[in-house]
Protein chains: 2
Amino acid sequence: MRITALAGGVGGARFVRGLLHELREVRGDDDTQVTVIGNTGDDITLFGLRICPDLDTLLYTLGGGINEDQGWGRVGDTHTVQGELAALGAVPQWFGLGDADFATHIARSQWLGQGHTLSEVTDRLAARWGLPGQGVRLLPATDTPIETHVVLDDGEAGERAVHFQQWWVQLQAAVPAKRFTVAGLAQAAPAPGVLDALRGADVILLPPSNPVVSIGIILGVPGVRDALRGSRAPVVGVSPIIGGAPVRGHADACLATLDVEVSAVGVAGLYADFLDGWLVDDADAATTRGLRAQVRTLDLRMRDINGAGRIAGAALDLAADLAADRTPGPTA
Amino acid sequence: MRITALAGGVGGARFVRGLLHELREVRGDDDTQVTVIGNTGDDITLFGLRICPDLDTLLYTLGGGINEDQGWGRVGDTHTVQGELAALGAVPQWFGLGDADFATHIARSQWLGQGHTLSEVTDRLAARWGLPGQGVRLLPATDTPIETHVVLDDGEAGERAVHFQQWWVQLQAAVPAKRFTVAGLAQAAPAPGVLDALRGADVILLPPSNPVVSIGIILGVPGVRDALRGSRAPVVGVSPIIGGAPVRGHADACLATLDVEVSAVGVAGLYADFLDGWLVDDADAATTRGLRAQVRTLDLRMRDINGAGRIAGAALDLAADLAADRTPGPTA
């Protein structure tokens with residue numbers, strides 16, 4: 001079986017880790033190949049180094065190197081480099097980077113500077129984290145450098161745009177975003193393998209990642225949304241909203257910017273043109289009537305890897321049922 | 001008084017530190033301004049980061065951050081970044097870089113990438129290390145990127161050129177160098193302030209730095225040698241060779257490549273067109289007859305800051321005597 005998942009950072013990474021646990025440990029399935037298409041809209045150049053927060057969180061989480069408490073960065077990392085950069089007056093200082101994490105960005109920047117694509121660089125990083133050995137392929141959504149910017153209302157001063165990371169990390173998304181713009185997105189090409197991974201998948205999964213600035217960016221890469229619409233595989237998503245609030249992060253602020261209701265139904269509406277199955281939390285069971293996608297309800301809190309695996313398993317089960325419904329029976 | 005010194009890495013840095021100690025602590029001279037012109041031929045780009053080994057050794061030594069045992073790098077530094085780069089397969093691994101040291105190179109590379117000159121970047125780094133407060137100005141010999149390469153005899157395979165650092169650090173200068181070439185040197189311009197610092201100096205000092213790949217590179221920047229020749233200031237040097245062997249490093253291998261005798265006299269010959277005074281070790285007292293420069297002998301081992309200060313003081317005394325000889329007396 002071939003599973004393809006679109007993923008942002010923390011939520012996507014934990015879901016995929018749960019999926020692998022469910023496949024390999026619970027179901028004893030060592031054959032299914034998992035392709036993860038990671039968001040690159042969060043990417044940012046700091047200190048002259050190219051940083052890919054979502055890809056890194058996926059790498060570190062799946063490779064066992066993540067700082068679980070933060071959800072990003074390396075476990076047990078030190079901060080000598082950042083301390084010295086502060087002493088040197090190098091800016092910005094609002095983006096926390098550990099020493100081992102810096103090494104990832106240094107190597108990536110070096111390899112990009114040598115002319116390698118982000119896909120090639122990500123392959124190298126994935127090898128260091130043992131993803132191929134787990135039957136996982138990690139693809140950036142695009143090799144074209146793209147960056148999500150957030151337009152803020154500066155009152156009498158008018159508008160100003162900041163990098164997504166500045167809004168998300170430094171401003172904690174507390175300043176209302178008027179709109180998002182993604183530099184480079186309209187001209188971006190899907191990274192090699194992305195469209196094939198969608199067209200050739202048996203199951204396509206949407207983890208509970210941010211529907212606007214993570215999944216939404218991947219969907220905005222020209223060709224990706226059409227590939228989802230045209231895929232023969234059932235597309236099953238997991239709601240990132242439980243009881244009207246995001247499980248993690250500032251998805252509510254992002255949805256508000258798009259005038260989309262902060263609810264499981266609101267998010268499903270963003271995927272309406274290709275979503276076949278939708279997992280919502282028990283708390284939201286009563287709200288989902290009228291959705292085209294087939295809905296199942298369960299406890300959507302990913303408290304640990306087993307919990308994430310249980311949710312991923314439910315997504316696989318729903319996908320299997322959807323696929324069975326599509327297949328003509330023996331009497332047809 | 002204005003003192004200008006040409007300097008390479010460890011030897012030059014320790015000499016200048018001794019000079020400052022002699023001036024400020026021993027002689028109570030807080031007014032004399034010291035300009036250090038640092039060699040940039042050792043500069044190298046590793047992991048996509050611009051590294052200036054000699055400038056960094058000068059900064060760390062004068063700023064009190066040097067690893068005294070190594071002579072380079074930061075005291076007490078950790079190696080998390082380098083360890084992770086090794087895990088990632090990023091090369092090369094033969095150049096040891098600590099985490100705090102990496103921050104210097106990251107900041108420098110960022111600032112250079114923003115369009116600042118190496119002089120401007122060096123100013124910022126010097127501020128972090130408190131050089132202005134010590135009455136010291138550190139100038140790179142040139143803002144033009146230059147790199148010393150070493151041509152090696154590869155036997156039947158012919159010649160191959162390696163970066164100076166590879167020859168010096170990885171090969172420990174154990175492979176004979178056929179010749180040195182300095183990429184960019186012929187087109188390099190002296191950094192702002194370099195020629196003025198030589199023309200306007202009251203004393204010009206040559207610390208016991210490598211005469212070929214440190215001082216020699218600075219002298220090779222177009223205009224620098226002429227400025228030394230034409231300077232009104234006495235030029236006093238300190239022999240880096242004691243009893244036929246370099247005090248530190250592989251100056252013997254460098255001199256051999258130029259077919260220059262590994263001796264205090266041999267090195268003085270490289271400076272013959274502008275050298276006015278020459279400090280040699282007591283061990284070499286008998287060998288210096290016939291030199292145009294005025295010779296003084298003393299113990300040239302820089303065992304500690306006091307020893308280095310004593311040598312610097314002798315250089316200043318010799319310069320003062322040379323200057324007095326040049327000044328027409330009251331009866332002239």
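In chain A, helix H1(A) meets helix H12(A) through A:Arg14, A:Phe15, A:Arg17, A:Gly18, A:Leu19, A:His21, A:Glu22 and A:Val26 on the H1(A) side, and through A:Ile305, A:Ala308, A:Gly309, A:Ile311, A:Ala312 and A:Gly313 on the H12(A) side. Sorted by class, the residues of this contact are 7 nonpolar, 4 polar and 3 charged. The structure described here is a predicted model.

### Packing of the helices

Two packed helices are described by the angle between their axes and the distance between the axes. For H1(A) and H12(A), which spans residues 305–326, the angle is about 80° and the axes are 7 Å apart. Angles of 65 to 115 degrees count as roughly perpendicular, and H1(A) is therefore roughly perpendicular to H12(A).

Helix H1 of chain A, residues 10–26, also packs on helix H2 of chain A, residues 53–63, here at an angle of about 30° and with the axes 9 Å apart. Because angles under 35 degrees count as roughly parallel, H1(A) is roughly parallel to H2(A). The crossing of these two helices, H1(A) and H2(A), is right-handed. H1(A) contributes A:Val10, A:Gly12, A:Ala13, A:Arg14, A:Val16 and A:Arg17 to the contact, while H2(A) contributes A:Thr57, A:Leu58, A:Thr61 and A:Leu62. The class composition of the contact between H1(A) and H2(A) is 5 nonpolar, 3 polar and 2 charged residues. A:Arg14 and A:Arg17 are among the H1(A) residues that touch H2(A), and A:Arg14 and A:Arg17 are also among those that meet H12(A).

In chain B, helix H1 (residues 10–26) and helix H12 (residues 305–326) have axes that come within 7 Å and cross at roughly 80°. H1(B) and H12(B) are therefore roughly perpendicular to each other. The H1(B) residues involved include B:Arg14, B:Phe15 and B:Arg17, and their partners in H12(B) include B:Ile305, B:Ala308 and B:Gly309. The contact of H1(B) with H12(B) divides into 7 nonpolar, 4 polar and 3 charged residues.

| Helix pair | Angle between axes | Distance between axes |
|---|---|---|
| H1(A) and H2(A) | about 30° | 9 Å |
| H1(A) and H12(A) | about 80° | 7 Å |
| H1(B) and H12(B) | roughly 80° | within 7 Å |

### Domains of chain A

The domain assignment divides chain A into domain 1 (1–41 + 141–145 + 196–246 + 262–332), domain 2 (43–51 + 64–131) and domain 3 (147–183). Between domain 1 and domain 2 of chain A, the C-alpha centres are 28 Å apart. The contact of these domains involves 6 residues of domain 1 of chain A and 6 residues of domain 2 of chain A. On the domain 1 side, the residues that touch domain 2 are 2 nonpolar, 3 polar and 1 charged by class.

The contact between the chains draws on 22 residues of chain B and 24 residues of chain A. In chain B, helix H3 (80–87), helix H4 (99–113) and helix H5 (118–128) each supply at least two residues of the side that touches chain A. H4(B) provides the largest share of that side, 9 residues. By class, the side of chain B that touches chain A comprises 12 nonpolar, 6 polar and 4 charged residues.

Two copies of a chain are related by a rotation about an axis and a shift along it.

### Backbone features in loops

Most residues other than glycine have a negative phi, and most peptide bonds are trans. In chain A, a cis peptide bond with omega of about 0° joins A:Val91 and A:Pro92. A:Pro92 lies in the loop between helix H3 (80–87) and helix H4 (99–113) of chain A. In chain B, the peptide bond from B:Val91 to B:Pro92 is cis, with omega near 0°, and B:Pro92 is found in the loop between H3 and H4 of chain B. A:Asp259, a residue other than glycine, has a positive phi near 60°. The loop between helix H10 (251–257) and helix H11 (264–270) of chain A holds A:Asp259.

Key. Residues are numbered from 1 along each chain as its sequence is written. Chains are lettered from A and ligands numbered from 1 in the order in which they are written. This is a predicted model: local features need pLDDT of at least 70, side-chain atom pairs count only at pLDDT 80 or more; totals for chains, interfaces and linings use all residues. Two residues are in contact if their C-beta atoms, placed from the backbone, lie within 7 Å. Helices (H or I, at least four residues) and strands (E, at least two) are DSSP runs, numbered from the N terminus. Ala, Val, Leu, Ile, Met, Phe, Trp, Tyr, Cys and Pro count as nonpolar, Asp, Glu, Lys and Arg as charged, and the others, Gly among them, as polar. Axes are lines fitted to C-alpha atoms, for helices over the stretch in contact, and angles run from 0 to 180 degrees between N-to-C directions. Angles under 35 degrees count as roughly parallel, over 145 as roughly antiparallel, 65 to 115 as roughly perpendicular and the rest as oblique. A crossing is left-handed if the near helix is turned anticlockwise from the far one by less than a right angle, and right-handed if clockwise. Domain bounds come from an automatic or database domain assignment.
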